[in-house]
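Here's a quick walk through one model, with stops at a few spots worth a look. Have the structure open as you read.

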Amino acid sequence: MKVVAGSASLALGKELARVTKSPLVDVLFEKHPGGFPDGEQYIRLLGSVEGEHVALVQSTYPDPKIVELFLLQDALAEAGARKVSLVIPYFGYGRQDKKFESGEPVSARALARRLQVHANAVYTVNVHNPEVLGFFDVPSKDVSGMPALARYLGGKGVDLVLAPDDNAQRFARDVGDSLRVDWDFLEKRRIDSFTVEVTPKAIDAKGRTVAIVDDLISTGTTIATAAKMLRDQGAKRVVAACVHGLFAGNALARLQVCDEVVATDTLLSPATKVSVAPELATALAGGRV
Ligand code: R5P
């Protein structure tokens with residue numbers, strides 16, 4: 001296998017190549033220094049992929065990375081790759097997984113249908129709703145980044161893992177079980193993009209180090225609200241942990257209520273501290289997909 005990484009996922013691609021002991025194919029992202037005057041993108045594979053199985057790694061966020069991914073896919077086909085396993089570490093648009101109001105698209109489906117062109121298999125990481133994998137006609141698998149978070153949190157003295165909402169319960173359970181510590185969850189109601197209501201709940205947080213885990217942090221409102229509640233209930237330390245650190249706008253400032261913020265390398269940010277490459281390597285070696 002060879003690894004090709006788009007510019008959204010260079011660090012993870014490099015780590016995946018290291019973990020799987022596969023060559024990383026260099027890619028040129030600008031034809032001329034500064035790029036094309038009109039802002040159009042360019043890529044060029046600098047190594048051979050003819051007859052190879054290629055793991056192509058690229059998150060679909062922000063939007064220009066989607067176009068870059070199309071270019072990479074076309075270049076791999078042109079260059080005669082035998083098989084392409086498309087790894088989408090963060091599947092942007094996964095949250096619009098249905099038509100919420102008339103006239104809307106099913107954005108996750110719109111992306112899936114186009115991304116699977118030139119892909120023999122697709123791997124995602126904690127896609128927001130695993131049912132979106134049904135939009136791919138090629139074999140697909142969602143890989144959990146929770147073991148990576150557990151690996152990081154293992155050395156942090158965490159004695160309680162908390163999910164900020166119902167949906168994240170399974171994440172808190174997985175991480176709590178890995179760390180062999182208690183886990184609990186809160187009930188959340190989203191009012192709008194920047195406002196959430198967390199139902200008050202007595203958490204056994206006094207004097208404890210609590211890790212709040214979620215699949216993603218966008219505005220940080222969900223985690224910040226939960227963290228404030230934990231502080232009020234006497235938590236000694238609060239660590240926010242997510243797989244996908246989007247950190248939109250001033251999310252990181254909002255999260256200063258936490259003692260530490262950690263995210264994986266599905267997206268790069270100042271909070272990226274652990275890699276999901278081992279989990280992806282295991283999935284890619286699994287063979288079924
Ligand atoms: C929601 O279901 C997700 O798991 C996250 O809890 C949510 O998207 C986080 O958003 P924000 O950081 O904007 O509160």
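How far does a polar side-chain atom of T219 lie from an oxygen atom of the ligand? The distance is 2.6 Å.

## Ground rules

Keep in mind that this is a predicted model: local features need pLDDT of at least 70, side-chain atom pairs count only at pLDDT 80 or more, and totals for chains, interfaces and linings use all residues. Residues are numbered from 1 along each chain as its sequence is written, and side-chain values use heavy atoms, with hydrogens and water left out.

## Around the ligand

The side chain of D214 has an N or O atom 2.6 Å from a ligand oxygen, and for R190 a polar side-chain atom sits 2.9 Å from an oxygen atom of the ligand. Taken alone, the ligand exposes 370 Å², and the protein buries 91% of that (areas come from the Shrake-Rupley method with a 1.4 Å probe; for residues, only the protein chains shown count as cover).

## Aromatic pairs and a lysine over a ring

Searching the whole structure turns up three aromatic pairs. The rule is that rings of Phe, Tyr and Trp (its six-membered ring) pair if their centres lie within 6.5 Å; planes under 30 degrees apart are stacked, over 60 edge-to-face, and the rest tilted. One of the pairs is F36 with Y42: ring centres 5.9 Å apart and planes at 85 degrees, so this one is edge-to-face. F36 is partly exposed at 27% relative accessibility, while Y42 is buried at 17% (buried means under 20% relative accessible area, exposed over 50%, partly exposed in between, with a 1.4 Å probe and protein chains only).

F91 and F136 make another pair, with centres 6.1 Å apart and planes at 55 degrees, so it counts as tilted. F91 lies in the loop between β6 (83-88) and α3 (107-115), and F136 in the loop between β7 (121-125) and β8 (140-143), so the pair ties together parts 45 residues apart in sequence. For the element names, helices (H or I, at least four residues) and strands (E, at least two) are DSSP runs, numbered from the N terminus. Elsewhere, K201 lies over the face of F185, 4.3 Å from the ring centre; to qualify, NZ of Lys or CZ of Arg must be within 6 Å of the ring centre and within 35 degrees of the ring normal.

## Buried spots

Which residues of helix α8 (residues 277-286) are buried? They are A277, E279, L280, A281, A283 and L284. An α-helix has 3.6 residues a turn, so residues three or four places apart point the same way. The cover over the buried residues of α8 includes α1 (10-20), β5 (53-57), β6, β7, β8 and α4 (146-153), with contact meaning heavy atoms within 4.5 Å.

T266 sits in the loop between β15 (260-264) and β16 (272-274) and is buried at 0% relative accessible area. Its side chain makes a polar contact of 2.7 Å with the side chain of H244 (a polar contact is a pair of N or O atoms within 3.5 Å; within protein, one must be able to donate a hydrogen and the other to accept it, and residues adjacent in sequence count only if both atoms are side-chain atoms). Leaving out residues up to four places away in sequence, T266 touches L12, S59, P89, Y90, V125, V243, H244 and V276. Y123, in strand β7, is also buried, with a relative accessible area of 0%.

Most residues other than glycine have a negative phi, and most peptide bonds are trans. Here, a cis peptide bond joins Y61 and P62, with omega about -10 degrees; P62 lies in the loop between β5 and α2 (64-78).

Y93, not a glycine, has a positive phi of about 80 degrees. Y93 belongs to the loop between β6 and α3 and is partly exposed at 36%. R180 has a positive phi too, about 60 degrees; R180 is in the loop between α5 (169-179) and β10 (182-185) and is exposed, with a relative accessible area of 78%.
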